[in-house]
Every structure is written in structure tokens, then in C-alpha cells.
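Reader: I would like to go through this model with you. Could you take my questions one at a time?

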Amino acid sequence: MSMSQSTLDDDDLFGEAATEMRSDVEEHLEAARDALPDPDAIWDVEADNTLGALNALRSSLDPGEAETHLRDARKWYTMGERADAFEDAGDLEAELEDVGELIAELTDAREQVSDLAGTVPEIRSELESAGENASDDEGDE
């Protein structure tokens with residue numbers, strides 16, 4: 001095999017590898033989007049009380065496997081970028097950023113709901129105590 005034939009084969013192999021890397025990134029991005037919570041699960045919450053609603057909402061805001069798939073997509077994207085394997089990766093970069101931002105928003109919202117779910121029972125208890133104290137004070141007069 002001549003030197004030019006070897007180079008041509010290497011170029012073909014590199015082209016195939018680049019195509020496979022792009023495909024891997026796209027597949028992981030699609031899997032990440034598919035793993036995101038269902039919008040209706042976040043909007044339509046059934047519960048008997050506020051705490052139940054908050055706990056249901058917190059559960060529905062879990063990004064689940066989307067984070068893992070996004071990490072895998074970023075891994076293959078980074079490898080492809082460093083190898084200069086993508087002719088135009090702007091679309092992949094934009095999608096990675098969009099999905100990453102959405103996962104970050106879900107995580108942030110989940111933390112806020114968790115904080116609120118921890119605060120609401122405390123406030124209820126304090127209000128109950130305040131009501132009991134007010135009743136006790138009225139009896140002292």
C-alpha cells in the first residue's frame with residue numbers, strides 16, 4: 001500500500017469516526033430531551049394539601065436520566081471538537097447549551113420547592129402555636 005493510499009484510508013476512517021461522534025452526540029441529546037419531565041406532570045398535580053402538592057411538584061421537577069445523557073453528549077462533543085472532527089458543530093453546541101440550561105432550571109426550581117416544602121410545615125406549626133397562645137391569653141383576662 002502506498003503512502004497516499006494509507007493517508008486516504010486514514011482520512012476515510014477519520015470521516016467515519018467524525019460521523020459516528022456527531023451521531024453519538026445527537027443520540028444522547030435526544031435521549032436527554034426524552035428523559036426530561038413531562039410538562040403536564042409539572043403543571044397538573046394532585047394532592048390533598050399544600051405539602052402534598054409541593055412534594056408532588058418536587059418529584060415531577062426531577063431531571064432524572066437527562067443529566068446523564070447530557071453528560072455523555074458533552075463528552076462526545078468535546079472529543080469531536082478537540083479532534084476537529086466536526087465541520088460545523090454550532091447546532092450541537094446550541095442544543096447542548098439549551099438542554100443544559102433547562103436541566104439547571106429544573107434543578108433550581110426543585111431546590112426552591114424543597115425549601116418551601118420544608119418551610120410550610122414550620123409556618124403551620126408556628127401559626128398553630130400562636131393561635132393557642134392567643135386563646136390562653138384570652139382566658140387570663
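Reader: Is arginine 22 buried or exposed, or something in between?
Author: Arginine 22 counts as partly exposed, because its relative accessibility is 22%. Buried means under 20% relative accessible area, exposed over 50%, and partly exposed in between (1.4 Å probe, protein chains only).

Reader: Which residue forms a salt bridge with arginine 22, and what are the ground rules here?
Author: Aspartate 91 does, with the closest N and O atoms 3.1 Å apart. The pair links distant parts of the chain, since aspartate 91 is in helix 5 and arginine 22 in helix 1 (residues 3-35), 69 residues apart. A salt bridge is a side-chain nitrogen of Lys or Arg within 4 Å of a carboxyl oxygen of Asp or Glu. Helices (H or I, at least four residues) and strands (E, at least two) are DSSP runs, numbered from the N terminus. This is a predicted model, in which local features need pLDDT of at least 70 and side-chain atom pairs count only at pLDDT 80 or more, while totals for chains, interfaces and linings use all residues. Residues are numbered from 1 along each chain as its sequence is written, and side-chain values use heavy atoms, with hydrogens and water left out.

Reader: What about aspartate 72 and lysine 75?
Author: Their salt bridge has its closest N and O atoms 3.7 Å apart. Both are in helix 4 (residues 66-82), and because they are three residues apart, about one helical turn separates them. Aspartate 72 is buried, with a relative accessible area of 18%, whereas lysine 75 is partly exposed at 41%.

Reader: Changing topic, what is the overall fold pattern?
Author: Along the sequence the pattern is α-α-α-α-α, with five helices and zero strands. The C-alpha trace spans about 105 × 25 × 20 Å along its principal axes.

Reader: And how much of the chain is buried?
Author: Of its 141 residues, 20% count as buried.
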